[in-house]
Amino acid sequence: MENKFKSLTIFEFQERFPNDEACYEYLIELKWKDGFVCPFCGHTHYCASRRKYDRQCTSCHRAVSPTSQTLFHQLKFPILKAFYIVYYVSTSKKGISSTELSRKLGLRQKTCWSFKQKVMKAMKSSGNNKIEGKAEVDETVVGGQEEGVKGRKNNRKKLVVFAIEKKGKGVSRLYGKVINHSSSKELREFMGSTIEKNAEIKTDKWRGYQPLKDDFPNLRQVESGKKGKNFPDLHRTIMNFKGWLRGMHHHVDYLQEYIDEYCYRFNRSIMTDGIFDNLLKRMVAAKPVIY
């Protein structure tokens, strides 16, 4: 684990992971670096199993694979190709479509789509790095037009709340969440999970933020201004997200997952290790998901 893959090129990736064996060895190091613990009985001793990379618990005699109980659980194609998907998703600046993954790896598009969804699950914020200092919060509507329907009643549109952290002249961190209503309850839940209580928060005059001053003493409400002129950084960040969404995914059917993916890329500067290495760690630590 001495390599942190800060700027892993495709050549470096291929050198580090030339075959399935190298991938399994890496997963073993990630999963059992602190010692083996049987997921069935909690026993900490093991012996070799029939399959090369599995470990068999000496108490309950159940075999445990490096991919079990992770987002690689029940993988139906070579582990090396799964690593390639993680690599392409994590290192592509604007993301990569399942169609393009299918072309590159010789897998069915639906197979690439399903596994990419698992990778995106690992991109969900851990909640360990809350916004601090100066913050701005606002809601927006995301989605296409529906014939004969205007505004937020549009079923093809979804309401999203975004929060940014401002440092210097730029934006250093971004979080977003799909919400059903811009009520104080939903806004409080989002802000409580993403923003430190003592942060200097600026919002618009929407009444849903008024009760939150009890939770966030430094919350300040100002007029949004024409075309959001009093929130230029936040509105520019939201517009950039919408442009990315239109260009990459074209719909809002899995909007929260897309928001998580975008924010994960945006926030990569706060990671202590490389984005590829970080994403693999998250996939090993996460619970399995079946599509």
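Predicted model: local features only at pLDDT ≥ 70, side-chain atom pairs only at ≥ 80, totals over all residues.
Is I10 buried, partly exposed or exposed? With a relative accessible area of 25%, I10 is partly exposed, because the buried class is kept for values under 20% and the exposed class for values over 50%. Leaving aside residues up to four places away in sequence, I10 touches Y84, Y87 and Y88. The C-alpha atom of I10 is separated by 34 Å from that of V142, a residue 132 places away along the chain.

The packing of helices comes next. Two packed helices are described by the angle between their axes together with the distance between those axes. For helix 5 (residues 109–122) and helix 9 (residues 275–285), the angle is about 100° and the axes are 8 Å apart. Helix 5 and helix 9 are therefore roughly perpendicular to each other, since angles of 65 to 115 degrees count as such. Where they meet, helix 5 contributes F115, V119 and A122, while helix 9 contributes L279, R282 and M283. By class, the residues of this contact of helix 5 with helix 9 comprise five nonpolar and one charged, with no polar residue among them.

A further contact joins helix 7 (residues 232–248) to helix 8 (residues 255–266), whose axes come within 11 Å and cross at roughly 120°. Helix 7 and helix 8 are therefore described as oblique to each other, and their crossing is right-handed. On the side of helix 7 the contact is made by T237, N240, F241, W244 and L245, and on the side of helix 8 by L255, Y258, I259, E261, Y262 and F266. Sorted by class, the contact of helix 7 with helix 8 has eight nonpolar, two polar and one charged residues.

Terms used:
Residues numbered from 1 in each chain as written. Heavy atoms only, no water. Axes fitted to C-alpha atoms, helices over the stretch in contact; angles between N-to-C directions. Helix = DSSP H or I, 4+ residues; strand = E, 2+ residues; numbered from the N terminus. Parallel < 35°, antiparallel > 145°, perpendicular 65-115°, else oblique. Left-handed = near helix turned anticlockwise from the far one by under 90°. Contact = heavy atoms within 4.5 Å. Nonpolar A, V, L, I, M, F, W, Y, C, P; charged D, E, K, R; others polar. Buried < 20%, exposed > 50% of the residue type's maximum accessible area, 1.4 Å probe, protein only.
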